[in-house]
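Here's a quick briefing to read alongside the coordinates. Have the viewer open and follow the topics in order.

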Amino acid sequence: MRAMVLQRFDSALVSEERPVPAPDPGQVRIRIKACGVCRTDLHVVAGELANPRLPIVPGHEIVGIVDAVGEGTRRRVGERVGVPWLGFADGTCEYCLSGHENLCDAARFTGFQIDGGYAEYTLADERFCLDLPREVDDLHAAPLLCAGLIGYRCLSKAGDARRLGLYGFGAAAHIIAQIARHQGREVYAFVRHGDDQAAAFARSLGAVWAGSSDEPSPRPLDAAIIFAPLGELVPRALRNLRKGGRVVCGGIHMTPIPRFPYEWLWGEREIVSVANLTRSDGAEFMRLVEQVPVSVHVQRYALADAQEALEDLRAGRFSGAAVLVP
Ligand SMILES: [Zn+2]
Ligand SMILES: [Zn+2]
């Protein structure tokens, strides 16, 4: 099989021919139909995350068909499954036992510590595979597995905020904006200075306002979610909050947050982060997508063009989500 492999940090992915792997007990082998390209993959490639593994096949938004099963699995050959970022949690630590497996000390992550979806086949622990909404095809289901799912966890952390700011209007925001709107919230989209295309994209998906992230919000926000990896957005978002409002940081990595006066936080404003996902987030989100019409915008790339997809993502050359198709 072909796999696009990160051999060294900060270097281009290398196309390798590898034997098709055989599943161990509890694992399924998946013939990959589509794999999303996530901003986290840029941080994996850059070596910006703790406890990496090399070489690694990136990709944690995997949609495919089970084509072989290990001993003792419940999944059957022919089932369609999704493989998200959380590839393993021990089920025994204090976090797992209290419903926070997203924080598990022994967690391992797909496309980071476990070979992922930039390939024709992959292996996955069947307990961490997700069922996907039936009416969404493979290409459009892939971005749901992280952009949608982590975005949804961020949206949940925003509580019942009616006026919601979204900083960075990429794969996650474009899905979450539609869900937020369906829930009756007002979406304010903050994009890179001068990125008129992203602002127009946000408006087309129902944002009541879209403008530059260095502009003040036209109205005080109840909550803001930051998807862009820029620490400078934290104090900016904070300044746009009403008292008691909350800033949710959704990215796995951010540049340092600049210092700011305490009075910007005063008034019971909060700054929180969202880390990873739980399987119940996954099940809940996929059920929601069966009820809420979400239009996922994808930019399709051949598997062999994974490097180009990463570079286009870094440069902001497309709207929505990039997806690799083997
Ligand atoms: Zn655990
Ligand atoms: Zn991701």
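Predicted model: local features only at pLDDT ≥ 70, side-chain atom pairs only at ≥ 80, totals over all residues.

Helices (H or I, at least four residues) and strands (E, at least two) here are DSSP runs, numbered from the N terminus. Residues are numbered from 1 along each chain as its sequence is written, while chains are lettered from A and ligands numbered from 1 in the order in which they are written.

**Overall build**

- The protein has nine helices and 16 strands.
- Its radius of gyration (taken over C-alpha atoms) is 19 Å, close to the 20 Å that the globule rule gives for 326 residues, so the protein is as compact as a globular protein of that length. That rule is 2.2 Å times the number of residues to the power 0.38.
- Along the principal axes, the C-alpha atoms fill a box of roughly 55 × 40 × 35 Å.
- Buried residues account for 48% of the 326; a residue is buried if 20 or more other C-beta atoms lie within 10 Å of its own, exposed if 12 or fewer, and partly exposed in between, with C-beta atoms placed from the backbone.
- Take the contacts (C-beta atoms, placed from the backbone, within 7 Å) between residues at least 6 apart in sequence: 69% of them join residues at least 24 apart.

**Two domains**

- The protein splits into domain 1 (2-146 + 277-325) and domain 2 (148-273), with bounds that come from an automatic or database domain assignment.
- The centres of domain 1 and domain 2, taken over C-alpha atoms, sit 26 Å apart.
- Where they meet, domain 1 puts in 24 residues and domain 2 puts in 21 residues.
- On the side of domain 1 that touches domain 2, helix H1 (39-46) and H8 each supply at least two residues, and H8 gives the largest share, four residues.
- That side of domain 1 divides into 13 nonpolar, eight polar and three charged residues. For this tally, Ala, Val, Leu, Ile, Met, Phe, Trp, Tyr, Cys and Pro count as nonpolar, Asp, Glu, Lys and Arg as charged, and the others, Gly among them, as polar.

**Strand pairing**

- Strand E3 (residues 27-37) and strand E4 (residues 62-69) run antiparallel and are joined by seven bridges; pairing takes at least two DSSP bridges between the strands.
- Within this pair, Arg-29 has Ala-68 of E4 as its bridge partner.
- E4 also runs antiparallel to strand E5 (residues 80-83), with four bridges between them, and Val-63 stands opposite Gly-82 in E5.

- How enclosed is helix H4 (residues 147-157)? Nine of its eleven residues are buried, so H4 is largely enclosed by the rest of the structure.
- The buried residues of H4 pack against several elements, including E3, helix H5 (171-182) and helix H8 (279-291).
- Just after H4 comes Gly-159, with a positive phi of about 60 degrees.
- In H1, the buried residues include Arg-39, Asp-41 and Val-44, and the buried residues of H1 pack against E3 and helix H9 (306-315).
- Gly-47 follows H1 and also has a positive phi, near 70 degrees.

**Nonpolar core**

- The largest nonpolar core has 105 residues, and Leu-166, Ala-189, Ala-202 and Ile-226 touch the most other members. Such a core is a set of buried Ala, Val, Leu, Ile, Met, Phe, Trp, Tyr and Cys residues joined through C-beta atoms within 7 Å.
- H5 gives the most to this core, with seven residues.
- Leaving out residues up to four places away in sequence, Ala-202 touches Phe-169, Ala-177, Ala-189, Val-191, Ala-207 and Ala-210.

- Gly-165 lies in strand E9 (residues 163-167) and is buried, with 31 other C-beta atoms within 10 Å.
- Gly-165 and Asp-222 are 57 residues apart in sequence but 8.1 Å apart in space, C-alpha to C-alpha.
- Gly-250 counts as buried, with 27 C-beta neighbours inside 10 Å.
- Beyond four places in sequence, residues that Gly-250 touches include Ile-150, Gly-151 and Cys-154.

Notes: Contact = placed C-beta atoms within 7 Å.
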